[in-house]
Amino acid sequence: MYIDLFGSCDYLGGNIADIIAQILHSKHDKMYIKYDREQLREYHPYNQSYNNTIFMQTLFDIIDEHNKTIDVNDDTFETYIELASPGHFEIFSKALLKIQCDFYSYFRKNLYNEKFRKNFLERANAKGYDIPFDPKKTILVHLRLYDVRHRPDYDGRICADFFKNHIESGAFADEATNSELKINHPDTNCQAPLNFDKIQAVIDEIKQYKPDHEVVLVSYPGEDLSHLPYRTISHTDESHDLFLLCSCETVILSRSQFALMALMFGIANDVHIPLWGHLPCYGLYTKYDKNNYKYYY
């Protein structure tokens, strides 16, 4: 059996997540992963420049290592498995139900070893990615704004609990699941900015036991955050910002798959994540969650 690796029309974070999900499916089912580092198959129009990021290059290395474990013979390419689906819910939750473990614990234990971590850091260094803060003395906060800045905030427990209950029943989630949720809660389960009072409450909580930590914000270039009393970092190279999120021990994330991907490659050990419906599809906030992440809403 084999799959043909695909990219989609999502941004970098969503595509990293899709690639990881495809790797998890393939590892569990012992499938060969067919792909071209320079030109991924496009399920939807895909930004092929993502292939050159330190994240995709690391995932391609992991795929190459995986493919070495597959006994390639005349039968390998007789059965093609299509994993692409209209949204993230299905490919994520189906992989979760196969591995019976949250993506993050599984990825770090079974795929992302010290060799890949070393190569990841070497690639970042080659691109000149600096870290303008002390990774051990900083509270790094990601703010997801840009194209969603005007969306209203919501109580993330509503959609997170809905998806959690659905997935823990043994059923995978898909677009129909999300549509069912939105019958009564149409403004939930989307990447919407959080009211900063919620984030400030988390900062205040962390400051109780890390009073000497500097708070630093990471957001999209051009965002006006002058009303907030914290230093702001942003780069036109989104991979640099994601690398920064990978390089801090204490992080407060946003409702963003981009930010969530930092937990795959990074060093964070004090993690605060806002609840929303995508989390249970990764196994977070469910019975499959083997982390000690803290969730806020």
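Here's a quick rundown of the nonpolar cores, the aromatic pairs and the charges over rings in this structure. Keep in mind that the model is predicted. The largest nonpolar core holds 84 residues, and the count of aromatic pairs comes to 24.

**Nonpolar cores**
- In the 84-residue core, the members that touch the most others are I16, L59, F103, Y104, L260, M261 and F265.
- Leaving out residues up to four places away in sequence, F103 touches I20, A21, L24, F92, A95, L96, M264, C281 and Y282.

**Aromatic pairs**
- There are 24 pairs in total, and F120 with F265 is a stacked one, at 5.4 Å centre to centre with 20° between the planes.
- F120 sits in helix α5 (residues 114-126) and F265 in helix α11 (residues 262-265), so their pair ties together parts 145 residues apart in sequence.
- Both F120 and F265 are buried.
- Y129 and F243 make a tilted pair, because their planes are at 40°, with ring centres 5.8 Å apart.
- Y129 is in the loop between α5 and β5 (138-142) while F243 is in helix α9 (residues 238-245), so this pair ties together parts 114 residues apart in sequence.
- Y129 and F243 are both buried too.
- Ring pairs join F55, F107, Y112, F120, Y129, F243 and F265 into a cluster.

**Charges over rings**
- K94 lies over the face of F172, 4.5 Å from the ring centre.
- K164 has its charged end over the ring of Y285, at 4.8 Å from the centre.

Key
Residues numbered from 1 in each chain as written. Predicted model: local features only at pLDDT ≥ 70, side-chain atom pairs only at ≥ 80, totals over all residues. Heavy atoms only, no water. Core = buried A, V, L, I, M, F, W, Y, C linked by side-chain atoms within 4.5 Å. Buried < 20%, exposed > 50% of the residue type's maximum accessible area, 1.4 Å probe, protein only. Contact = heavy atoms within 4.5 Å. Phe/Tyr/Trp six-rings, centres within 6.5 Å; stacked < 30°, edge-to-face > 60°. Helix = DSSP H or I, 4+ residues; strand = E, 2+ residues; numbered from the N terminus. Lys NZ or Arg CZ within 6 Å of the ring centre and 35° of its normal.
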